[in-house]
Amino acid sequence: VARGVVIDVAGLKRVPVLPDDYRITTEDLQQALAAQRLALRPGDIVLIKGGKITLDASKWLAETSGTMLIGGDALSLEAYKYGRPDMTVPVHKYLITDRKIAIVQVENLDVLVRDGLY
């Protein structure tokens, strides 16, 4: 059991979902948290509304913020291409293998952000 925090990056950018080629950066996360008047605490569960994150953003969440579980409303937390055996998934590898942080995906965060519940 932990505190859950929704970071609404799509809302920050004033769109329902970010374009598929957009990658959420550390700065995006920090700006959205500031707009929501929130700060992360060690052990938080972080759910990201809007799209896919960069490796740097995942490192910031894991190392700086001490997040214990990360998820979002996208089919994948990071970008990858089907049918490419040479394509790696660095965010998944870093979070799951290196940091032992679980990932959850395809969460419905619309109702929470609509009601201002972050």
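Student: Is Glu107 buried, partly exposed or exposed?
Tutor: A word on the ground rules: this is a predicted model, where local features need pLDDT of at least 70, side-chain atom pairs count only at pLDDT 80 or more, and totals for chains, interfaces and linings use all residues. Residues are numbered from 1 along each chain as its sequence is written, and side-chain values use heavy atoms, leaving out hydrogens and water. Buried means under 20% relative accessible area and exposed over 50%, with partly exposed in between (1.4 Å probe, protein chains only). Glu107 has a relative accessible area of 32%, so the answer is partly exposed.

Student: Which residues does Glu107 touch, not counting those up to four places away in sequence?
Tutor: Glu107 is found in the loop between strand S6 (102-104) and helix H5 (110-114); helices (H or I, at least four residues) and strands (E, at least two) are DSSP runs, numbered from the N terminus. Contact means heavy atoms within 4.5 Å. By that rule Glu107 touches Leu47, Gly72 and Asp73.

Student: Which residue in S6 is the bridge partner of Gly71?
Tutor: Two strands pair if DSSP finds at least two bridges between them. Strand S5 (residues 69-72) and S6 pair in the parallel sense over three bridges. In S6, the partner of Gly71 is Val104.

Student: Why is one side of S1 and of S6 left without a neighbour in the sheet?
Tutor: Four strands form an open sheet in the order S1-S3-S5-S6, with parallel pairing. Strand S1 (4-8) and S6 stand at the edges, so one side of each lacks a neighbour because each has a single partner strand.

Student: Is Thr67 buried or exposed?
Tutor: Thr67 sits in the loop between helix H3 (55-64) and S5. Leaving aside neighbours within four places in sequence, its contacts are Leu40, Asp44, Val46, Leu61, Ala62 and Ile101. The relative accessible area of Thr67 is 4%, so this residue is buried.

Student: In which helix is confidence highest?
Tutor: We use pLDDT, the predictor's confidence in each residue, from 0 to 100. The mean for the protein chain is 89, and 94% of its residues reach 70 or more. Confidence is lowest in H5, at a mean of 84, while the highest mean, 97, belongs to helix H2 (residues 26-35).
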